[in-house]
Amino acid sequence: MAYVFGVVLFALGICVSVALHEAGHMLTAKAFGMKVRRYFVGFGPKVFSFRRGETEYGLKWIPLGGFCDIAGMTALDEVTPDEAPRAMWRFKTWKRTVVMAAGSVTHFILGFVVLYLMAATMGLPNAVVGKPQISSVSECVRSATTDEEYANPVCRPGDAAPAKNGGIQPGDEIVSVNGQRTKTYADVTALIQNLSGPTRFEVDRNGQIVPLTVDVVRVERPVTDPANPSGPEKIVTVGSIGVTFPNTLEYNAITAIGGAASFTGDMFVQTWQRLIEFPERIPAVVSSIFGGERDPNTPVSVVGASRIGGEAVEAGLWSLFLLLLASLNFFVGVFNLLPLLPLDGGHIAIVWYERVRDWIRKLRGKAAGGPVDYSKLSAVTVVLVLIGGAVTLLTVTADIVNPIRLQ
């Protein structure tokens, strides 16, 4: 039951996000004086509707999105004589841009709100930010054959305690190792693993930069081969100082604002990286459909994301559930701004093309050109819609026959 509840709850969260996306378009259009004919949540047959003022509001049976019908979104749209003066295409460039970008901005706001609530109540996962702030300092470091032994060594007299003896304290944030800046704990770990002997550290302690010298020691520990993550671990010799980093970053109601803002910035960077990598991961999705191992880094559909959300709730991992919901909002928001039709970003690109074109024509002493003829772009739009549909079908199929699982 917990799994089903999680799936339904995540799907509901997606529906609410999409409905608010369209509400963003509607509210900004109304604020500028454009005529909004209809605002519906869902697609397909109508469940009910009502009219308030000049706008019809309603719900449809298929809860997979929604739409906002703004009169005259393009110059080709048919409008009545009374709608013509308020047709969207007649408004200034910046106003049309705001209206078309409002959907994505709504997703960004929703993602930030989710992250803020996480930060203020349960903290944010440090695995995403990777803040190199010390959580604890070990009494010693020892060679180990398991991760548990390495993380929790049984200390004996004479065992080395590099971090403790070097003056590192819980709460310190390591900002450099041997003069090299360390923005994340992964940076710290990567540098230390290749070192041995006295090493210069700089830590941020309550806003003050404190220089320290730590004697890095070499120990044996098990690691997973990155090229074969599902394979057996092997024992390697690495540099170690005996510190741990927090799994979760804690905040209060005030500091959560800055924490969520910083986390949002990191997620934007990761979202953009995933978008760039998206095309090269499609072959792996196809392979997984025909029995290949499903790479957890391959794209997922709404179906796959909902299944992961259900597993997260079933396992009691509410932080993962909320993080996935925030991540999806950021992804949809950024993706929707790509300058491709029929995405909002494609419409924005055309609006600014008209603006720049008319500016150049004015410099040359010519009259402004007419609105872009969308019918000439229909072939490109159809191709992009077909590609998008094919990718959606592939990811949905993969998420049904070979889904990504938490365990």
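Mentor: Let us start with helix α2 (residues 93-121) and helix α10 (residues 344-363) in this predicted model. Their axes come within 9 Å and cross at roughly 170 degrees.

Trainee: Are α2 and α10 roughly parallel or roughly antiparallel to each other?

Mentor: They are roughly antiparallel, because angles over 145 degrees count as such.

Trainee: Which residues make the contact?

Mentor: Helix α2 contributes T93, R96, T97, M100 and A101. From α10 come D344, H347, I348, V351, W352, E354 and R355. By class, the contact of α2 with α10 has 5 nonpolar, 3 polar and 4 charged residues.

Trainee: Moving on, where does H25 lie?

Mentor: H25 lies in helix α1, which covers residues 2-32.

Trainee: Is H25 buried or exposed?

Mentor: H25 is buried, because its relative accessibility is 7% and the cut-off for buried is under 20%.

Trainee: What does the side chain of H25 join in a polar contact?

Mentor: The side chain of D344, at 3.0 Å. Not counting residues up to four places away in sequence, H25 also touches C68, I70, V99, M100, A102 and G103.

Trainee: What does the side chain of T106 reach?

Mentor: It reaches the backbone oxygen of A102 at 2.7 Å. Leaving aside neighbours within four places in sequence, T106 is in contact with L20, H21 and G24.

Terms used: Residues are numbered from 1 along each chain as its sequence is written. This is a predicted model: local features need pLDDT of at least 70, side-chain atom pairs count only at pLDDT 80 or more; totals for chains, interfaces and linings use all residues. Side-chain values use heavy atoms; hydrogens and water are left out. Helices (H or I, at least four residues) and strands (E, at least two) are DSSP runs, numbered from the N terminus. Buried means under 20% relative accessible area, exposed over 50%, partly exposed in between (1.4 Å probe, protein chains only). A polar contact is a pair of N or O atoms within 3.5 Å; within protein, one must be able to donate a hydrogen and the other to accept it, and residues adjacent in sequence count only if both atoms are side-chain atoms. Contact means heavy atoms within 4.5 Å. Axes are lines fitted to C-alpha atoms, for helices over the stretch in contact, and angles run from 0 to 180 degrees between N-to-C directions. Angles under 35 degrees count as roughly parallel, over 145 as roughly antiparallel, 65 to 115 as roughly perpendicular and the rest as oblique. Ala, Val, Leu, Ile, Met, Phe, Trp, Tyr, Cys and Pro count as nonpolar, Asp, Glu, Lys and Arg as charged, and the others, Gly among them, as polar.
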